[in-house]
Amino acid sequence: MEKKQRKKVKNPMSETESNDLDDISCLFFQKGIMGLFLLISIFSLLLRVAVSLHSYSGAGTPPKFGDFEAQRHWMEITTNLPIKDWYFNTTNNDLSYWGLDYPPLTAYQSYFHGLFLKHFDPNSVSLFTSRGYETHFGKLLMRWTVLSSDLLIFFPAVLYFVLVYYGGNRSGGNKSDVAWHIAVILINPCLILTDHGHFQMSAYYAPAFFSHLFGSCLRRKNPPLEVLKLGLTVLGTFAIVWWPFLHSRDAFSVVLSRLAPFERGIYEDYVANFWCCTSVLIKWKRLFTTNSLRFLSLVATILTFLPSMIQQIWSPSSKGFLYGLLNSSLAFYLFSFQVHEKSILLPLLPATLLAMELPGVLSMLLMHSALLSMFPLLCRDKMAVPYMALYMLSILLYLAPCGKQHIKRHLSRSMITFSIVISYLCSLVLHIIYLTIRPPEKYPFLFEAMIMNFCFSHFLAFTVYTNAKQWMLSRQSTSRDKEKKLN
C-alpha cells in the first residue's frame, strides 16, 4: 500500500529542470570548468590591475581634469548633498563642473562607492575642497571602486552566463571551447582600457529586452495577462529606481534633460558613427537645427533596430535575444544623438557573449576595429603602451588553439581571407601614421577622421551581417517546428 502511494507522489522537480541541473553539475565538477573560470578570472584581474598602474583620463590637467575626476566628483555630490539636489544646479552643486548626467542607478552606485571613499579617505570626497584630488591613496581607492564592481557584478554575471549557455549540452561545449569563451569575455581589451585605464563606468539594450519579453509573453497560455504582468513589473521597477525624482513633473524633467545633453550637438569628439563620419561631406551642424537632427537621429536609430525587434517579437529565443542586444546597441552607436567613443563597449559585450556563434574572423575584426576607434582617445590620455599590450594579447587569444580552430572554420573562402588581410594591413598603417606623422596644419584632425571612417565601414558591415544572422534564426526555428509536426 505504501509503495503504491509512493508511486503516486510526483517529483516536484520536472524532468527538464533535473536534466539542466545535471548538465550544470557535469559542467562544473566533471569538466572542471570552475577551476578554469577562477584561473582566467585571476589573470584578467591582474591585467586590470596592471593597466590601472598607467595614466588615466585628465591626469594632472586642471581645471576640469577628466573622466576620472567626473567619477570622483559624482561620489562627492551624492555623499554630501540630499538626493533631491543631485541633478539640480545649486550653490553646492555647480552642474558646469562635471554635473551628474547618468541615470539614477549609476548615481546610486556612485553613492555607495562614495561611502567607501569617505570611510577610508574623507578628504577625497569632501564638498568643494576635493576637486582635482589626486593623492596616491585616493587613486588607489578610486581604482578599487572599479575592480570591486567587476568582482561583485561583472564576473558573477559572466559565470552565470557560462552556466546557462553551456548547461544545455550545446554542441562544441568541450573544456577548451568553454575556457576560450570565458577568456574572450573577461579579457576584453576595450573594457579593461576604458574602465581601468581611461576610467569611465558605463542603455542601448532596451529595444532588445522589450521585444524579447513581449514576444515571449505572446507565446504563453494567456498573452494579455502575461503582457499586463510584464508591464506592471517594468513600471514597478522604474518607480523604485526613479522614486526620489517623481515627486514633481519639474524634477522628473530636469533629470531627463541631464541624461539627454542635446545642447552639445549631434557629436562631440571623433567617433566612428554615421553622423561624425559623414560630416566630412555633409556639414550636419551647419545645415540642420538641433531639433531637426534630433528627429533624424531618432528615425535612423529606430529604423536600424526595428528589424531586430520584429524578429524577436515574431520568434523569441535565447540566442535571438543575444543577437537583439548586439543589433540594438549597434543601432544606437551608429545613429543616435551624441555618441561617445566609449559607447562601442555596449555592442562589444553581446558580441563577446556570441563569440562561439559568430565567425571567428568577424569577431576578431570587430574587437580590433573597436580598439582602433578608441586609439586616438587613449593616446590623448597617454595610454598607448597598455593599448598596444592588450592589442597584442587579444591577437594571441584568437591565435590560441581553440581560437585558431574557430577562425579556420570560416577561412575557406579566399575572398574572405583576402579582405581580412587587407583590413589588418590598413589598420597597421593607420596606427603607424597616427604615431609617427604630424597632420597638416589646415587639417589637424585628418588622421582621426581616417581612423573613424575606416572603423565605421567595419561597424556598418557587421551590423548588416548580424541582423541577417538574427533573421536566419527564425528560418531555423520554422524548420524545426515543421519537423516536429511531421514526426
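What follows is a walk through some helices, helix contacts and loop residues of a predicted model.

The buried residues in H3 are Ile33, Phe37, Ile40, Ser41, Ser44, Leu47, Arg48, Val51 and Ser52. These cover an arc of only 135 degrees around the axis, so they sit on the same side of H3. Leu39 and Leu46 are exposed on the other side of H3.

Between H3 (33-52) and H4 (67-80) comes a loop that holds Pro63. The peptide bond leading from Pro62 into Pro63 is cis, and its omega is near 10 degrees. Gly66 belongs to the loop between H3 and H4 too. With a relative accessible area of 5%, Gly66 is buried, because anything under 20% counts as such. What does Gly66 touch, once its neighbours within four places in sequence are left aside? The contacts are with Ser57, Gly58 and Trp98. Trp98 is 32 residues away from Gly66 along the chain, yet the two C-alpha atoms are separated by 8.9 Å.

H4 itself is mostly covered, with 13 of its 14 residues buried. Its end C-alpha atoms lie 20 Å apart, which agrees with the 20 Å that 14 residues should span at 1.5 Å a residue.

Helix H10 (residues 223-242) has 20 residues. From first C-alpha to last, H10 reaches 28 Å, close to the 28 Å expected at 1.5 Å a residue. Glu226, Leu230, Val241 and Trp242 are the buried residues here. Looking down the axis of H10, the buried residues fall within an arc of 125 degrees, so they line one face of the helix. Turned away from that buried side is a face of H10 with the exposed residues Pro224, Leu232, Leu235 and Ile240. As for partners, the buried residues of H10 pack against helix H5 (104-120), helix H9 (206-218) and helix H11 (249-259).

The axes of H9 and H10 come within 8 Å and cross at roughly 150 degrees. Angles over 145 degrees count as roughly antiparallel, so H9 and H10 are roughly antiparallel. H9 brings Leu213, Phe214, Cys217 and Leu218 to the contact, and H10 brings Pro223, Glu226, Val227 and Leu230. By type, the residues in the contact of H9 with H10 divide into seven nonpolar, no polar and one charged.

The pairing of H7 with H19 has another geometry. The axes of helix H7 (residues 175-186) and helix H19 (residues 401-408) come within 9 Å, and the crossing angle is roughly 95 degrees. H7 and H19 are therefore roughly perpendicular to each other. On the H7 side the contact involves Ser176, Asp177 and Trp180, which meet Cys402, Gly403 and His406 in H19. The residues of the contact of H7 with H19 split into two nonpolar, three polar and one charged.

Gln338 sits in the loop between helix H15 (318-335) and helix H16 (345-353). Its phi is near 55 degrees, a positive value in a residue other than glycine. Lys382 also has a positive phi, of about 60 degrees, although it is not a glycine. The loop that holds Lys382 lies between helix H17 (360-380) and helix H18 (384-399). Are Gln338 and Lys382 buried or exposed? Gln338 is buried, at a relative accessible area of 16%, whereas Lys382 is exposed, at 67%.

Helix H17 also holds His368. At 3% relative accessibility, His368 counts as buried. Not counting residues up to four places away in sequence, His368 touches Tyr391, Ser394, Ile395 and Tyr424.

Note on methods
Residues are numbered from 1 along each chain as its sequence is written. This is a predicted model: local features need pLDDT of at least 70, side-chain atom pairs count only at pLDDT 80 or more; totals for chains, interfaces and linings use all residues. Side-chain values use heavy atoms; hydrogens and water are left out. Axes are lines fitted to C-alpha atoms, for helices over the stretch in contact, and angles run from 0 to 180 degrees between N-to-C directions. Helices (H or I, at least four residues) and strands (E, at least two) are DSSP runs, numbered from the N terminus. Angles under 35 degrees count as roughly parallel, over 145 as roughly antiparallel, 65 to 115 as roughly perpendicular and the rest as oblique. Contact means heavy atoms within 4.5 Å. Ala, Val, Leu, Ile, Met, Phe, Trp, Tyr, Cys and Pro count as nonpolar, Asp, Glu, Lys and Arg as charged, and the others, Gly among them, as polar. The expected span of a helix is 1.5 Å times one less than its number of residues. Buried means under 20% relative accessible area, exposed over 50%, partly exposed in between (1.4 Å probe, protein chains only). The arc is that of the directions from the helix axis to the C-beta atoms.
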